[in-house]
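Dear colleague,

Please find below the structure that I am handing over to you.

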Amino acid sequence: MNKIVSFYLDLLRILSAFYVFIFHVGSGEIDTKLIFSTPHFSEILGLNYYSAHYFVIVFFVLSGYLITMSASRPNISVKTFITARLGRLYSVLIPALFLSFLVAKFLIIGNYYPLDLIKNNTLLVQRFILNATFLSQSWSLNATPPLNNPFWSVQYEFMYYLIIASWLLVKNRLKYILILLIILISGLKVMMLFPCWLLGSLLYYLISKKKTLNFGISVTLFFSTLILLALILSGKLLLPFEKPIGDHDFYGFLLFFSWNFKADLIFSFLVATNVFAIFGLSKKMEYFNSSVAFKKLHSKIQIISNCSYTLYLFHLPLLFLFSTIVPYDKTSTIHQIGLIFLVLLTVYFIAKQTEWKVELWRGFVEKAFNFVEQKYIQLATSFSKNKL
């Protein structure tokens, strides 16, 4: 991947995570009461739920591309791939899980909010286990942690990781059994958004086969899809098949976050097409790669991008925590800006200990795998001896 494309993908990650964060500043509520702002905040910034959801779909497309690229590297094994992915996910997921539960408990124990008004605050041990094992969205489940709905997308993505790893890294017919098993565990609603992720995977396939477009077509395609995406995300253009928010029923199945799956697929196609065009566009922009100014800008963008996963999973509990422990007036623009900067600054320092230290977490996962593998070998050996 050249530096122009890398720069653009980093920008998309930053924009997606930041929009979800700002959307929740404008929409975070307890018992239908806005906590961090007034309705004017979302109105003046043009924030809406559809756009926040579509930005998560942007993550899916980028993930499909990057994870397929990772799984396609030479000499990579299933164990190495899963260790790398779990290390990356757990570096942020586990600390964010603990923070979500602790902040919910703090709000209740401190009598800031009644117990029955904190959503997803029941069966906490089960919720922790389900989120840590990526099963919180399987079939009819919707077991996100208290105060932290963005966790829903993590299970979706992990199941997609397992499918692509089975397809690319398992070399015999066992791959089909594994993929079927993963689908059965995931359930209908998780698989409904798999095509969005798969478009990113297809994008990697096209790029790896050198199937890029010429510069003229790339320019036209890039800017036309960019304009369409901007119109959709600003709420000025409705996608075909876009469903009303809350219309979750699908022949008796509750779809929860997959409720808009038809429009999501169209949106993901536009995102994938836009990213595909940047590859053709970047061929004529190679002179930027040697530019000192571009190198400096790229390094800064990479630093911010490397905080995006932490921002995505930490921002809501941090918003609830800081708006409670410091004097805060949700009607004050100064207070709103202060809260935003406080969360962003905290996310930066958390990211330095989480996703910036992903190798440490991968080491933990690798040790756990080796321990389980060793115990399995011991049990198998013991069973064989007893049988003889």
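**Findings on the protein chain**

Please keep in mind that the model is predicted.

Along the principal axes, the C-alpha atoms of the protein chain fill a box of roughly 75 × 60 × 50 Å. The secondary structure of the protein chain consists of 15 helices and four strands.

Contacts between residues at least 6 apart in sequence were also examined: in the protein chain, 80% of them join residues at least 24 apart.

As for burial, 51% of the 388 residues of the protein chain count as buried. The protein chain has an accessible surface of about 19600 Å², and carbon and sulfur atoms account for 69% of that surface.

Finally, I turn to the cysteines. A disulfide is a covalent bond between the sulfur atoms of two cysteines. With a disulfide taken as a pair of cysteine sulfur atoms within 2.5 Å, the count comes to zero. Are cysteine 196 and cysteine 307 buried or exposed? A residue counts as buried when its relative accessible area is under 20%. Cysteine 196 has a relative accessibility of 1% and therefore counts as buried. Cysteine 307, at 9% relative accessibility, also counts as buried.

Yours sincerely,
A colleague

Terms used:
Residues are numbered from 1 along each chain as its sequence is written. This is a predicted model: local features need pLDDT of at least 70, side-chain atom pairs count only at pLDDT 80 or more; totals for chains, interfaces and linings use all residues. Side-chain values use heavy atoms; hydrogens and water are left out. Helices (H or I, at least four residues) and strands (E, at least two) are DSSP runs, numbered from the N terminus. Buried means under 20% relative accessible area, exposed over 50%, partly exposed in between (1.4 Å probe, protein chains only). Contact means heavy atoms within 4.5 Å. Accessible areas come from the Shrake-Rupley method with a 1.4 Å probe; for residues, only the protein chains shown count as cover.
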